[in-house]
Amino acid sequence: MLKIENLCAGYGDMQVLFDINLNVEQGEVVSLVGSNGAGKTTLLRILSGFQPIKSGAITYLGQDLMKVKAYNRAEIGISHIPQGRGILGTLTVKENLIMGAYPKKYRKTVNEEIEKAYNMFPKLRERQNQLAGSLSGGEQQMLAIARAHMIHPKLLMLDEPSLGLAPIVVEEMFEIITRVAKEGVSILIVEQNLVQALSVATRAYVLETGRIVMQGAAKELLDNPEIQKAYLGI
Ligand SMILES: Nc1ncnc2c1ncn2[C@@H]1O[C@H](COP(=O)(O)OP(=O)(O)OP(=O)(O)O)[C@@H](O)[C@H]1O
Ligand SMILES: [Mg+2]
């Protein structure tokens with residue numbers, strides 16, 4: 001459903017991504033792993049339309065994604081949870097969910113959608129009138145996923161969802177992500193933590209200073225001696 005071909009991009013004269021080839025199929029959970037500054041966030045920002053490309057092509061559900069304006073990408077099913085979660089701390093949980101349904105076609109059914117979100121994440125129902133900024137880190141990430149889910153995304157992108165979360169909360173969150181994928185949503189997760197990224201994904205790509213240096217089934221990558229040496233210190 002998503003196909004990135006020979007993509008090059010950067011900021012001004014500085015090239016950050018080199019010849020990226022990556023694809024995501026429907027209902028698949030794909031991880032993009034790489035250390036600080038590798039270019040992971042840049043790639044997600046390109047997919048959301050916040051960042052231009054220098055060359056290459058991105059096809060999303062058969063259409064040229066670069067021709068779709070950033071503000072129209074939510075309408076075609078692209079939802080992005082930015083690094084740091086991007087929820088609005090001074091608004092309540094419920095208000096954040098309402099914000100998630102901003103594309104026109106979802107506004108009429110917003111109450112139904114909120115109800116669905118509460119059924120999916122009962123904790124959010126309990127805390128619907130609480131300011132989002134006062135939620136725990138795990139609850140904030142849950143709210144970010146629920147909010148992104150309000151538009152029924154076809155492609156959900158998460159930028160370092162496990163950052164700052166306790167391992168048990170990360171596990172819970174990855175269960176939620178797996179549940180969302182089972183609905184047929186394709187998921188692209190960016191992570192620095194290789195073990196976590198590979199535990200939730202079916203396939204993964206390893207990005208090093210803007211280049212994909214390895215890719216494959218998550219299990220195979222975890223067993224790969226080169227990966228173990230470079231990332232796990234084994
Ligand atoms: N707005 C910007 N202007 C100029 N350079 C930028 C900008 N944003 C990012 N960069 C540079 O692009 C490179 C890739 O950054 P990016 O944020 O995509 O990395 P990342 O893989 O997401 O890293 P992290 O794991 O730390 O979030 C870095 O060298 C960074 O300094
Ligand atoms: Mg980043």
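Before I describe the sheets, let me say that two strands count as paired if DSSP finds at least two bridges between them, and please keep in mind that what we are looking at is a predicted model.

With that in hand, we can turn to the open sheet of six strands, which has the order β6-β7-β8-β3-β9-β10 and mixed pairing. Strands β6 and β10, the latter covering residues 211-217, stand at the edges with a single partner strand each, so one side of each is left without a neighbour in the sheet. On average, neighbouring strands here are turned by 15° against each other, if direction is ignored. At one end of the order, β9 (residues 203-208) pairs with β10 in the antiparallel sense over six bridges, and E208 has R211 in β10 as its bridge partner. Helix α6, residues 137-149, packs on this sheet and touches β6 and β7.

There is also an open sheet of four strands, ordered β2-β1-β4-β5, with antiparallel pairing. Seven bridges join β1 to β2, and Y11 stands opposite M14 in β2. Helix α1 packs on this sheet, touching β1, β2 and β4, and its direction makes about 115° with that of β1.

Because T41 lies in helix α1 and Q83 in the loop between β6 and α2, the pair ties together parts that are 42 residues apart in sequence. T41, at 26% relative accessibility, counts as partly exposed, and Q83, at 39%, counts as partly exposed too.

Technical notes. Residues numbered from 1 in each chain as written. Chains lettered and ligands numbered in written order. Predicted model: local features only at pLDDT ≥ 70, side-chain atom pairs only at ≥ 80, totals over all residues. Heavy atoms only, no water. Helix = DSSP H or I, 4+ residues; strand = E, 2+ residues; numbered from the N terminus. Buried < 20%, exposed > 50% of the residue type's maximum accessible area, 1.4 Å probe, protein only. Contact = heavy atoms within 4.5 Å. Axes fitted to C-alpha atoms, helices over the stretch in contact; angles between N-to-C directions.
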